[in-house]
Amino acid sequence: MASAAFFSTCLLANKNYLFLAPTNASAKGYISNLRVPNLASIVLRNERFVRLRGLVAMVDEGASKVSDDDSRMKIPHVLTVAGSDSGAGAGIQADLKACAARRVYCSTVITAVTAQNTVGVQGVSNVPEDFVAEQLKSVLSDMEVDVVKTGMLPSIGIVKILCNTLKEFPVQALVVDPVMVSTSGDVLAGPSILSTFREVLLPMADIITPNLKEASALLNGMQLETVDDMRSAARLLHNMGPKNVLVKGGDLPDSSDAVDILYDGLNFYELRSPRIRTRNTHGTGCSLASCIAAELAKGYPVVSAVKVAKRYVETALGYSKEIGIGNGPQGPFDHLLRLKSHSQDCHRQRPFSPSDLFLYAVTDSRMNKRWGRSIADAVKAAIDGGATIVQLREKDAETKDFLESAKACLRICRSHGVPLLINDRVDVAIACDADGVHVGQSDMPAHVARTLLGPEKIIGVSCKTPEQAQQAWVDGADYIGCGGVYPTNTKENNTTVGLDGLKTVCTASKLPVVAIGGIGVSNAGAVMEIGVPNLKGVAVVSALFDRESILTETKKLHSVLLGSNVGGT
Ligand SMILES: Nc1ncnc2c1ncn2[C@@H]1O[C@H](COP(=O)(O)OP(=O)(O)O)[C@@H](O)[C@H]1O
Ligand SMILES: Cc1ncc(COP(=O)(O)O)c(N)n1
Ligand SMILES: [Mg+2]
């Protein structure tokens, strides 16, 4: 593959060779239409067409320097040309959220602003056509768009401007959601638009995604009541020029499944998923089309893109079934599948405080087994005795059992305002929505855990050296665990750092520290007395959980720690 450095060399040497893009017909057309005097030859290879446009422009202008942008990472990019929905369930807002959920960049050209909520559309104000043109040019001339997705196109003029601009700035694929009427029944593009859709826009589309009403309108009122009708409609719409047609059956009467028909001119694909019983289907069409565009931008073929998109909508609807936003009949859903877990907590998580490390209880499944207790009972006793944070360290548990125990412990911890962390298992922490994780040096790197868990979760890292403590800080951890301070049976082959090592790490650490390893009632005082302000507490395993009464031992340790006047508590 030719590198950017290679392009630069060629251009600077004025040899007039560009090695570029596995590309589509429109890109080839674009290249041959270029009349660039000093561009002698173009060999198409593994670079992106979008890059070509920028580079050729520079040759065209006689630019002598092309920046060596090998370090730039190309991100899949969808441009949505659609209307704004003030309720943010459909339109531009749905497109942005769907693309964010599918991890592609999304730019926006707004064609109309609607006053809209879960009841319906109260008002529409079209953006002046010139200004739609200006937005299109701004984005397409600069931003390396892969796929354009259209939603609400409220006037013939806007459709024509879009089609002409796309001829000037071709993209890899065009996804057309021929939006006409909102689910609430309000008109977003009147019937006068139909002939322009048929004659100008549809022939340019790689895929069109009409719902039943839209397909019927495009086919002069054809009745669509069965899956067979949808197939016929798909075939007739395909005759109008789009490469693929997806007829969506979200509104198919008497259907226990949500059935969509995809036709590519050769084959029909019947895509079925269980119909989710929910009022929150406002914006499904916009989101489906954006997700198709997102997958196409990543380079997937149409059939895969449509399957992923349908599964995405189905998953998001299932997750959002009970969400209650607005009082009308048509609610929005949660594109990012994150809203519910937080709002359902009766006891909201509070932010992490270093003083949470004061009495840090770490569970051990073998000890619980030996004493015949469940993890949840052990955790409850530790909290009743004064534990200020709990970590579940279940090395032997089956994942399914571990998850169930973690959920039970989380309920107990939340009701006492005590954070619950999971050792190692970021997946389990995500699945039960724990407060965070604790990772060792050979576990999931803290910076990766941070991207998986998000900014608000607690991340702790085990560190033995100042260098590891520094790295934990750089990686975005919240605290470090330093040890083993004393020898212990809980962790085999674990070298001890002693009180000196602990002090060295604490002094170097920008993060609060909890000491761990062989600490109990008899020596906790000595540990805390090293007198370094960011040593905030001790973490204990056996001293609490390998005892007859967890409650009694935790209380004893609590009073020892109170007596030792830990910094910041
Ligand atoms: N209740 C539902 N359960 C599962 N999937 C649905 C449901 N309603 C719509 N869908 C799916 O969402 C997508 C959008 O379909 P549809 O609602 O017909 O389009 P529009 O929003 O444009 O009217 C389709 O893939 C459809 O199968
Ligand atoms: C701005 C705008 N664009 C599109 C739709 C269609 O969405 P739906 O059919 O899901 O109501 C909408 N309601 N508003
Ligand atoms: Mg719908």
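In the predicted model, nine strands make up an open sheet of mixed pairing, with the order β5-β4-β3-β6-β7-β8-β9-β10-β11. The edges are taken by β5 (121-126) and β11 (268-274); each has a single partner strand, so one side of each lacks a neighbour in the sheet. Strands β3 and β4 run parallel and are joined by nine bridges. S84 has V113 of β4 as its bridge partner.

Two helices that pack on the sheet were examined. Helix α4 (residues 91-101) touches β3, β4 and β6 (147-150), and its direction makes about 145° with that of β3. Helix α11 (residues 302-320) touches β8 (207-208), β9 (244-248), β10 and β11, with its direction at about 15° to that of β11.

The shell around ligand 2 comprises 18 residues, of which G83, A90, G91, S182 and T183 come nearest. At least two residues of this shell are supplied by each of β3 (77-85), β4 (105-116) and α10 (284-298). By class, the shell holds six nonpolar, eleven polar and one charged residues.

V259 lies in strand β10 (residues 257-263). V259 has 19 other C-beta atoms within 10 Å and is therefore partly exposed, as 20 or more would be required for a buried residue. Leaving aside residues up to four places away in sequence, V259 is in contact with V227, G249, L252, E270 and R272. The C-alpha atoms of V259 and M230 are 9.5 Å apart in space, while the two residues are 29 residues apart in sequence.

Terms used
Residues are numbered from 1 along each chain as its sequence is written. Chains are lettered from A and ligands numbered from 1 in the order in which they are written. This is a predicted model: local features need pLDDT of at least 70, side-chain atom pairs count only at pLDDT 80 or more; totals for chains, interfaces and linings use all residues. Helices (H or I, at least four residues) and strands (E, at least two) are DSSP runs, numbered from the N terminus. A residue is buried if 20 or more other C-beta atoms lie within 10 Å of its own, exposed if 12 or fewer, and partly exposed in between; C-beta atoms are placed from the backbone. Two residues are in contact if their C-beta atoms, placed from the backbone, lie within 7 Å. A residue is near a molecule or strand if its C-beta atom, placed from the backbone, lies within 6 Å of it. Ala, Val, Leu, Ile, Met, Phe, Trp, Tyr, Cys and Pro count as nonpolar, Asp, Glu, Lys and Arg as charged, and the others, Gly among them, as polar. Two strands pair if DSSP finds at least two bridges between them. Axes are lines fitted to C-alpha atoms, for helices over the stretch in contact, and angles run from 0 to 180 degrees between N-to-C directions.
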